[in-house]
Amino acid sequence: MSASKRKGNIGENGAVNWLKANGFPYAERRIAGAHLDRGDIAGVNGVTIEVKNHAKLDLSAWIKELEIEIKNDQGWTGVDLHKKKGTTNVDDWYCTLPASMWLELIKLAMRGRET
């Protein structure tokens, strides 16, 4: 197995375990190589999750990939979950998403506080 593939496996497994520990029991890795990429992790309804474990950030390319995957997945939102150098604790990792998606999440959160 290549070093890149090994890093990807470590990142995706860590993210799945973290999601399960935080209330998403159906989170699981997707099988790689599908005709239409729908992200790396399934089991969080409507949310497309792409995991990145790279030393160098490429946010523009990652977001472009995510937007395609959200359409393929028929998701309503999505996120690039990327590993922070020096830690395997997913709580310390970073999430990147288009500002328009973030705004929709904030609006939903605010509506929830109003009720």
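The turns below ask how labels given to parts of this predicted model follow from their cut-offs.

User: What kind of model is this, and which pLDDT limits apply?
Analyst: The model is predicted; local features need pLDDT of at least 70, side-chain atom pairs count only at pLDDT 80 or more, and totals for chains, interfaces and linings use all residues. Residues are numbered from 1 along each chain as its sequence is written, and side-chain values use heavy atoms, with hydrogens and water left out.

User: How do you know what span is expected of helix α1?
Analyst: Helices (H or I, at least four residues) and strands (E, at least two) are DSSP runs, numbered from the N terminus. The expected span is 1.5 Å times one less than the number of residues. Helix α1, residues 3-21, has 19 residues and reaches 27 Å from its first C-alpha to its last, close to the 27 Å expected. After α1 comes G23, with a positive phi near 100 degrees.

User: Which residues of α1 are buried, and what covers them?
Analyst: Buried means under 20% relative accessible area, exposed over 50%, and partly exposed in between (1.4 Å probe, protein chains only). In α1 the buried residues are N9, G11, E12, A15, V16 and L19. Their cover includes strands β1 (28-29), β2 (41-42), β3 (47-52) and β4 (77-82). Contact means heavy atoms within 4.5 Å. Leaving out residues up to four places away in sequence, L19 touches F24, A27, I41, V44 and I49.

User: What makes a set of residues a nonpolar core, and which have the most contacts inside the largest one?
Analyst: A nonpolar core is a set of buried Ala, Val, Leu, Ile, Met, Phe, Trp, Tyr and Cys residues joined through side-chain atoms within 4.5 Å. The largest has 13 residues, and A15, L19, I41, I49, V51 and W93 have the most contacts inside it. At least two residues of this core come from each of α1, β3 and β4.

User: Why is W102 called partly exposed?
Analyst: The relative accessible area of W102 is 48%, so it is partly exposed. W102 lies in helix α3, residues 99-114.

User: How do you know that R38 and D73 form a salt bridge?
Analyst: A salt bridge is a side-chain nitrogen of Lys or Arg within 4 Å of a carboxyl oxygen of Asp or Glu. The closest N and O atoms of R38 and D73 are 3.7 Å apart, so the pair qualifies. The two residues are 35 residues apart, R38 in the loop between β1 and β2 and D73 in helix α2 (residues 59-73). The structure holds 6 salt bridges.

User: Are R38 and D73 buried or partly exposed?
Analyst: R38 has a relative accessible area of 37% and is therefore partly exposed. D73 is at 17%, so it counts as buried.

User: What is the N to O distance between E104 and K107, and where do they lie?
Analyst: Their side chains meet in a salt bridge at 3.8 Å. Both lie in helix α3, 3 residues apart, about one turn of the helix. An α-helix has 3.6 residues a turn, so residues three or four places apart point the same way. E104, at 39% relative accessibility, counts as partly exposed, as does K107 at 38%.

User: Why does Q74 count as exposed, and where is it?
Analyst: Q74 has 74% relative accessibility, so it counts as exposed. Q74 sits in the loop between α2 and β4. Its phi is positive, about 55 degrees, although Q74 is not a glycine.
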